[in-house]
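Subject: Structure handover

Hello,

Here is the structure I said I would pass on. Please open it and keep it beside this email while you read the notes below.

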Amino acid sequence: MKSRTLLVLAVGALAGCSSLLPKSKETTGAPGVGWQSYRDAQRAFDSIVPGKTTAAELGVMQLDPRANPNITVLPRHELMQRFIVNASIAMDDLDGGVRDCLEAREQCRALEVNQTATQKKRTGNAALDMAKVYRETHTSGWRFCGLLLVKDGVVIYKLTSGQPAIHEVAQDHDALAPLQTLSAKLKLDTLNGIGGGSSSGGAPSEPQAPVTAFRRK
């Protein structure tokens with residue numbers, strides 16, 4: 001009776017302690033080279049002026065693929081696929097900076113910047129969460145994407161996109177989770193020999209006499 005009362009009190013305490021639920025944080029790239037917010041990323045790209053900003057200045061802004069793992073160098077054929085999506089689009093239809101980069105071939109580099117920062121936190125009733133009956137996970141954060149075309153050491157084109165505010169909610173319901181956990185425990189106890197037919201410490205069973213077959217003469 002006492003243990004049952006303690007269990008009820010513990011469950012009641014957990015029901016209101018959502019702070020006990022797990023949380024996690026994910027950020028792409030190495031520490032110290034990324035932006036702290038979407039606004040910081042957009043502000044950095046706003047300061048880049050095509051035709052003026054140099055590759056050396058990009059390095060000062062930590063936009064160097066050799067030092068920033070959030071930056072990918074795109075090959076020319078992939079850049080063409082980004083802008084010439086079908087046969088109806090000609091080179092003359094492209095922005096001047098994109099056209100100059102494609103025509104320059106190896107003299108132009110395409111730098112793609114991708115950085116994502118998200119936080120996941122489970123909320124709600126801690127007792128139901130721990131019993132896997134009901135779990136609610138909130139994901140928040142931001143995602144920034146940028147494209148830079150650098151020809152002869154100077155930026156000739158830039159483009160930004162992304163998601164300033166990420167907010168996703170995932171809900172998992174499983175009313176049979178406690179029964180599944182109990183069933184798994186009973187199977188494990190059976191495999192370990194707990195709760196079998198013979199009790200530990202009991203008298204050993206008498207050996208049965210061997211059965212002998214007699215042939216009638």
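Which residues form a disulfide, and how far apart are their sulfur atoms? Cys101 and Cys108 do, with their sulfur atoms 2.0 Å apart. Please keep in mind that this is a predicted model.

The disulfide

The structure holds one disulfide. The link of Cys101 and Cys108 is left-handed, with -100 degrees about the S-S bond. Cys101 has a relative accessible area of 4%, so Cys101 is buried. Cys108 is at 10% relative accessibility and therefore also counts as buried.

The salt bridges

How many salt bridges does the structure hold? There are four salt bridges.

One of them joins the side chains of Arg43 and Asp40, at 2.9 Å from N to O. Both residues lie in helix 2, which covers residues 38–46. Arg43 and Asp40 are three residues apart there, about one turn of the helix. Arg43 is partly exposed, with a relative accessible area of 48%, and Asp40 is partly exposed at 28%.

Arg82 forms a salt bridge with Glu78, and the closest N and O atoms are 3.4 Å apart. Arg82 and Glu78 are separated by about one helical turn because they are four residues apart in helix 4 (residues 76–83). Arg82 has a relative accessible area of 37% and is partly exposed, while Glu78 counts as partly exposed at 27%. This pair also belongs to a network of salt bridges that links Glu78, Arg82 and Glu112.

The side chains of Arg66 and Asp64 meet in a salt bridge too, at 3.0 Å from N to O. Is Arg66 buried or exposed? Arg66 is exposed, with a relative accessible area of 77%. Asp64, at 18% relative accessibility, counts as buried, because the cut-off for buried is under 20%.

The loop between helix 3 and strand 2

Asn68 lies in the loop between helix 3 (55–60) and strand 2 (71–74). The place of Gln62 is in the loop between helix 3 and strand 2 as well. What does the side chain of Asn68 reach? It reaches the backbone oxygen of Gln62, at 2.9 Å. Leaving aside residues up to four places away in sequence, Asn68 touches Val33 and Gln62. Asn68 is at 4% relative accessibility, so Asn68 counts as buried. Gln62, at 37%, counts as partly exposed.

Positive phi angles

Phi of Gln62 is near 65 degrees, a positive value in a residue other than glycine. Asp152 also has a positive phi, about 55 degrees, although Asp152 is not a glycine. Where does Asp152 lie? Asp152 is in the loop between strand 4 (134–151) and strand 5 (154–173). With a relative accessible area of 58%, Asp152 is exposed.

A residue in strand 3

Thr118 lies in strand 3, residues 108–123. At 13% relative accessibility, Thr118 counts as buried. How far apart are Thr118 and Trp142 in sequence and in space? They are 24 residues apart in sequence and 6.5 Å apart in space, C-alpha to C-alpha.

Regards

Terms used:
Residues numbered from 1 in each chain as written. Predicted model: local features only at pLDDT ≥ 70, side-chain atom pairs only at ≥ 80, totals over all residues. Heavy atoms only, no water. Helix = DSSP H or I, 4+ residues; strand = E, 2+ residues; numbered from the N terminus. Buried < 20%, exposed > 50% of the residue type's maximum accessible area, 1.4 Å probe, protein only. Polar contact = N/O pair within 3.5 Å; in protein donor to acceptor, adjacent residues only side chain to side chain. Contact = heavy atoms within 4.5 Å. Disulfide = S-S within 2.5 Å.
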